Amino acid sequence: MRIILCIVFILLFTLMHPISGQAAPTVSANNAILIEQSTGRVLFEKNANEEQLIASITKLMTAIIAVESGKMHEEATTSRKAIYTEGSSIYLEQGEKMSIEDLVYGLILRSGNDAAVTISEHIGGSVEGFVYLMNEKARWLGMTNSSFENPHGLDSDNHYSTANDMAMLMKYAMDNDQFREIIGTKTYTSEGRSYSWQNKNKLLTQLYENSTGGKTGYTKTAGRTLVSSANKNGMDLIAVTINAPDDWQDHINLFEWGFENYDMKSIAKEGQEKYRLEGSDNETVGYIHQDILFPLTEGEMADIDKQTYLLNENDSKDVIGKTMFHLDGHQIEETPIFNDQLDLQGEGFFSNVLSTYKKVIGLD
């Protein structure tokens with residue numbers, strides 16, 4: 001009888017106190033991270049700043065440099081060095097010419113190491129020249145725990161990154177329309193081929209309907225590496241796993257957990273609002289030009305704290321102040337407050353506002 005009563009009590013307690021969805025997702029990966037794409041907020045991490053071999057997810061850096069080079073419609077000639085690069089290949093022949101755009105599709109969809117070398121030699125002048133560009137790009141992006149020694153990801157002592165750095169790279173690259181189109185392509189036919197290249201990313205092609213793209217990687221030493229993205233209910237997530245025996249399921253678990261527990265919440269609404277200088281009864285009218293969205297759990301919304309700072313009336317005609325948003329004592333976002341009479345079409349608007357806003361937040 002006592003056992004039955006205990007079971008009844010447990011059931012009643014569970015119904016009255018449901019288990020929170022915040023329990024961390026299970027991953028097989030040695031290193032993992034999940035971020036929201038637009039803000040970069042880290043939703044989950046596991047050994048995310050450990051430097052590791054990364055295999056072919058390296059090619060995300062190669063691809064974004066190629067896309068941004070302005071040379072996508074130029075033809076590159078395949079060298080002897082390219083065709084003898086070990087590992088995965090799109091089976092280029094020595095002396096074959098192919099557009100950089102087609103090579104990037106072969107790089108991403110089929111993980112062609114020969115494509116990586118051909119791209120690097122054409123854009124960088126040599127593999128070494130391109131590697132210099134890769135490391136400069138990493139430094140510019142703030143990838144402080146990364147070092148690149150080749151454009152394809154074959155194992156090297158001085159070629160490594162972290163889950164966090166690779167998420168940062170993917171976040172940046174996904175803001176580029178052409179990169180986003182390539183990374184999300186399931187099948188592609190090059191002008192120089194009679195057959196199609198099928199994307200190796202099974203999340204995109206078979207396993208996960210919310211997938212929007214990604215890049216696979218594997219070497220025996222690095223293990224399975226994967227960077228992928230997904231979208232659901234207006235929220236974009238990026239997941240990175242390194243040395244993950246069950247990486248497909250890891251990413252599905254991470255995405256489903258993220259979509260279940262977080263939503264893009266509006267922490268400031270577009271429109272006009274009245275502000276008052278501290279210690280003054282005078283009100284100033286300001287305007288926020290767009291909703292400020294941030295990924296939050298249901299319980300976090302009530303914990304957002306905002307502080308508004310106004311400039312003196314004579315400091316600016318365009319920006320009159322800023323609002324900073326905090327969660328658990330940490331700043332998570334900020335937005336400029338504009339004069340409501342601002343002419344959005346006026347010549348020099350963006351440069352003037354940027355200059356003023358830098359003064360507001362102390363960058364100048």
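Predicted model: local features only at pLDDT ≥ 70, side-chain atom pairs only at ≥ 80, totals over all residues.
User: Why are Phe255 and Phe259 separated by about one helical turn?
Analyst: Phe255 and Phe259 both belong to helix H10, which covers residues 247-261. They are separated by about one helical turn because, within H10, their positions are four residues apart.

User: How many aromatic pairs does a search of the whole structure find, and which kind is the pair that Phe255 and Phe259 form?
Analyst: Searching the whole structure for aromatic pairs gives a total of seven. For Phe255 and Phe259, the centres lie 6.4 Å apart and the planes make an angle of 25 degrees. Since planes under 30 degrees apart count as stacked, the answers are seven pairs in the whole structure and, for Phe255 with Phe259, stacked.

User: Which kind of aromatic pair do Trp257 and Tyr262 form?
Analyst: Both partners are covered, because Trp257 has a relative accessibility of 8% and counts as buried, while Tyr262, at 5%, counts as buried too. The ring centres of Trp257 and Tyr262 are 5.8 Å apart, with 65 degrees between the planes. As an angle over 60 degrees is the criterion, the pair of Trp257 and Tyr262 is edge-to-face.

User: Which residues do ring pairs link into a cluster?
Analyst: Trp257 and Tyr262 are already joined by their edge-to-face pair. Ring pairs also bring in a phenylalanine, and the linked residues are Phe44, Trp257 and Tyr262.

User: How many of the 10 residues of helix H2 are buried?
Analyst: Helix H2 spans residues 59-68 and is mostly covered. Among its buried residues are Leu60, Met61, Ile64 and Ile65, and Lys59 is also included. The count of buried residues in H2 is nine.

User: At what angle do H2 and helix H7 pack?
Analyst: Helix H7 runs over residues 163-173, and its axis lies 10 Å from that of H2. The residues that meet are Leu60, Met61, Ile64 and Glu68 on the H2 side and Met166, Leu169, Met170, Tyr172 and Ala173 on the H7 side. H2 passes H7 in a left-handed crossing, and the two helices are therefore roughly parallel to each other, packing at an angle of about 25 degrees.

User: Where is Ala55 found?
Analyst: Ala55 is not a glycine, yet it has a positive phi of about 55 degrees. With a relative accessibility of 1%, Ala55 counts as buried. Its place in the chain is the loop between strand E2 (42-46) and H2.

User: What is the relative accessible area of Asn243?
Analyst: Asn243 is another residue that is not a glycine but takes a positive phi, of about 55 degrees, and it lies in the loop between strand E9 (235-242) and H10. Asn243 is classed as partly exposed, its relative accessible area being 37%.

User: What percentage of the 364 residues in the protein chain do buried residues make up?
Analyst: The protein chain contains 11 helices and 16 strands, and its accessible surface comes to about 18800 Å², with 48% belonging to carbon and sulfur atoms. Of the 364 residues, the buried share is 47%.

Methods:
Residues numbered from 1 in each chain as written. Heavy atoms only, no water. Phe/Tyr/Trp six-rings, centres within 6.5 Å; stacked < 30°, edge-to-face > 60°. Buried < 20%, exposed > 50% of the residue type's maximum accessible area, 1.4 Å probe, protein only. Areas by Shrake-Rupley, 256 points an atom, 1.4 Å probe, with all protein chains shown as cover. Axes fitted to C-alpha atoms, helices over the stretch in contact; angles between N-to-C directions. Parallel < 35°, antiparallel > 145°, perpendicular 65-115°, else oblique. Left-handed = near helix turned anticlockwise from the far one by under 90°. Contact = heavy atoms within 4.5 Å.
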